[in-house]
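Please give me a short briefing on this model, grouped by topic.

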Amino acid sequence: MEVETIAQRISAIYKRISHCAMRAGRDPLEVKLIAVSKGVSAEVIKSAIDLGLRAFGENRVKEALEKSQLLAGLKEDIEWHMIGHLQRNKAKNAVRLFELIHSVDSISLAETINRHARDIGKLQRVLIEVKLSPEPTKTGIGVDGLEPLIVSIRDMENIKLEGLMTMPPYSDNPEGSRPFYRRLREIARGYGLRELSMGMSGDFEVAIEEGSTMVRIGSAIFGERR
Ligand SMILES: *Cc1c(COP(=O)(O)O)cnc(C)c1O
């Protein structure tokens, strides 16, 4: 896609984020834009970096590593975010690469992350992915398992738990996501967790109204994925 088109899309998204935040009585700077670059080439990511984006979300460790290596050496400090399901056998590389892992969903995964983080002397920032919809395909931990997971993570020295993430079930109407985002915010508040990773291309304004602090936007920046 044309760099110009990406530039226009990014500025349109920033405008929508700030208008929406202000309408909701929030500071637009509380909402971080994570550009979801899964399936997007390093070259296109490079143009997004030139346009000012710094945080990129990926759902596969291998793909993210390859692209981060291609982009290494840029003077800008790029942040990589793991937004997809993480398998334990990929945790070692994930801990090396990612600033924030949004998708912790089991005690065993958290233990593995903690061990690899300790090995390299890192405090790994994480979010817990919560499954709020009954769809069988959705990843994340159910609400019943959340408390034990939070309690366990709070004992892990090399993990910093900052908040929660969720994916609502697919809906044509952004309002369909609202009850899920509202619920996530209420759950996070109950545990004193600040960060809420919620909102995608189709529903990020609803997510911001419900308190999102990180929106994960792919197709509205880079175009439809094939
Ligand atoms: C792909 C993906 C997104 C971005 O979706 P868009 O609709 O392209 O904005 C956000 N979050 C997760 C977890 C994803 O896998």
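The side chain of R216 has a polar atom 3.4 Å from the backbone oxygen of T166. That is a polar contact, meaning a pair of N or O atoms within 3.5 Å; within protein, one must be able to donate a hydrogen and the other to accept it, and residues adjacent in sequence count only if both atoms are side-chain atoms. The model is predicted: local features need pLDDT of at least 70, side-chain atom pairs count only at pLDDT 80 or more, and totals for chains, interfaces and linings use all residues. Residues are numbered from 1 along each chain as its sequence is written, and side-chain values use heavy atoms, with hydrogens and water left out.

- R216 sits in strand β9, residues 214-217. Helices (H or I, at least four residues) and strands (E, at least two) are DSSP runs, numbered from the N terminus.
- R216 counts as buried because its relative accessibility is 4%. Buried means under 20% relative accessible area, exposed means over 50%, and partly exposed lies in between (1.4 Å probe, protein chains only).
- Residues in contact with R216 include I34, V36, I83, H102, M165 and T166, not counting residues up to four places away in sequence. Contact means heavy atoms within 4.5 Å.
- P174 is 42 residues from R216 in sequence, and their C-alpha atoms are 15 Å apart.

**R26 in a loop**

- R26 belongs to the loop between α1 (3-23) and β1 (32-36).
- With a relative accessible area of 14%, R26 is buried.
- The side chains of R26 and E30 make a polar contact at 3.1 Å.
- Leaving aside neighbours within four places in sequence, R26 is in contact with A21, V31, I208, G211, S212 and T213.

**How α2 and α3 pack**

- Helix α2 (residues 42-50) packs against helix α3 (residues 61-71) at an angle of about 60°, and their axes are 10 Å apart. Axes are lines fitted to C-alpha atoms, for helices over the stretch in contact, and angles run from 0 to 180 degrees between N-to-C directions.
- The two helices, α2 and α3, are therefore oblique to each other. Angles under 35 degrees count as roughly parallel, over 145 as roughly antiparallel, 65 to 115 as roughly perpendicular and the rest as oblique.
- From α2, the contact uses A42, I45, K46 and I49, while α3 supplies K67, L70 and L71.
- These contact residues of α2 and α3 divide into 5 nonpolar, no polar and 2 charged. Here Ala, Val, Leu, Ile, Met, Phe, Trp, Tyr, Cys and Pro count as nonpolar, Asp, Glu, Lys and Arg as charged, and the others, Gly among them, as polar.

**K67 and the rest of α3**

- K67 lies in helix α3. Is K67 buried or exposed? K67 counts as buried, at 6% relative accessibility.
- The K67 side chain reaches the backbone oxygen of S37 at 2.8 Å.
- The buried residues of α3 are V61, E63, A64, L65, K67, S68 and L71. They pack against α2, β2 (55-58), β3 (79-82) and α4 (91-97).
- After α3 comes G73, with a positive phi near 100°.

- Q8 is in helix α1. Q8 counts as exposed, at 52% relative accessibility.
- Q8 and I221 are 213 residues apart in sequence, and 8.8 Å apart in space, C-alpha to C-alpha.
- D119 is in helix α5, residues 107-119. D119 is exposed, with a relative accessible area of 56%.
- D119 and A48 are 71 residues apart in sequence, and 33 Å apart in space, C-alpha to C-alpha.
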